[in-house]
Amino acid sequence: MIVRGFAGTSAAIVAVVLMTSTRTPASAVIDDSLLVRIYDNAGILAGELASALRTTHDILRRADLSVDWVQCRARRDGPVPAVCDQPLSSSDVVVRLIEGSDKESGERRALGYSLFDSNGISGFATVYVDRVDWLARRAQYARAPLLGRAIAHEIGHLLLRSNAHTQSGLMREVWTAEQVVRNRREDWTFSPDQNGDIRNARYAAMSNARKGRKPPT
């Protein structure tokens, strides 16, 4: 995702693997929750992170997706849940929260990127917290809901297995301070087609996981 201020310019996000999914009935019920492992390397306060994840949860819930969260904190801070050390499966994804590795300037700044393969829904997303802060300052808006939306956007790439963006909605490429201030609900949700694609891809991944085979490529 690329963000900009009122007078910024846009650019393409990092490209990853693109794969389309076969549609299944929209009414199909998916019993399995998506497990999201959160690795917070930016030192976000617990209450603010919880608020951000509530925003993410609400966005994903509108796509009929059930989500469980596991916070994989640094070992120096105490015991780490066992799942944090396990390989990724078709039931989970990783979201890493970090400070930007490079100091971008001007109006062009990517808030994150996602990496995934074509063999399942699992994947790895990164969100740059300092760049979320930058957008929040430009819009004079709270950081937590913007962070939650950025997390949902990157998880969207993983679930859709696509680097594609839309002209509107949560999966648009460019986020502006003006849109943040306006705060229209339709700017921060998946489209109806994306909701269906997420359900279909999730249903296909979990069905194949139960059968013990990888989805076709």
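## The largest pocket

In this predicted model, the largest pocket holds about 320 Å³ of space. Its lining is made up of 15 residues, and those closest to the centre of the pocket are D40, C72, R73, A74 and D77. Two elements, β2 (34-40) and α1 (46-61), are the ones that give two or more residues to this lining, and β2 gives the most, with three residues.

Side chains of opposite charge can pair when their charged atoms come close. In this model the count comes to eight salt bridges, and one of them is formed by D92 with R37, where the closest N and O atoms are 2.7 Å apart. This pair links distant parts of the chain, since D92 is in strand β4 (residues 92-98) and R37 is in strand β2, 55 residues apart.

Are the two partners buried or exposed? Because a residue counts as buried when its relative accessible area is under 20%, D92 is buried at 4%, and R37 is buried as well, with a relative accessible area of 2%.

A further salt bridge brings together the side chains of E48 and R143, at 2.6 Å from N to O. E48 lies in helix α1 and R143 lies in helix α3 (residues 143-160), so this pair ties together parts that are 95 residues apart in sequence. E48 has a relative accessibility of 23% and therefore counts as partly exposed, because that class covers the values between the buried limit of 20% and the exposed limit of 50%.

## A network of charged side chains

The side chains of E186 and R184 also meet in a salt bridge, with a distance of 3.7 Å from N to O. E186 is partly exposed, with a relative accessible area of 46%, and R184 likewise counts as partly exposed, at 36% relative accessibility.

Which residues are joined with this pair into one network? Salt bridges that share partners join R182, R184, E186 and D187, so that R184 and E186 belong to a network that also takes in R182 and D187.

Terms used
Residues are numbered from 1 along each chain as its sequence is written. This is a predicted model: local features need pLDDT of at least 70, side-chain atom pairs count only at pLDDT 80 or more; totals for chains, interfaces and linings use all residues. Side-chain values use heavy atoms; hydrogens and water are left out. On a 1 Å grid over the protein atoms alone, a cavity is a set of points where a 1.4 Å probe fits but cannot get out, and a pocket is an open set with protein on both sides within 12 Å along at least five of seven lines; lining residues have an atom within 4 Å of a point. Grid points are joined across faces, edges and corners, and a volume is the space filled by probe spheres set on the points. Helices (H or I, at least four residues) and strands (E, at least two) are DSSP runs, numbered from the N terminus. A salt bridge is a side-chain nitrogen of Lys or Arg within 4 Å of a carboxyl oxygen of Asp or Glu. Buried means under 20% relative accessible area, exposed over 50%, partly exposed in between (1.4 Å probe, protein chains only).
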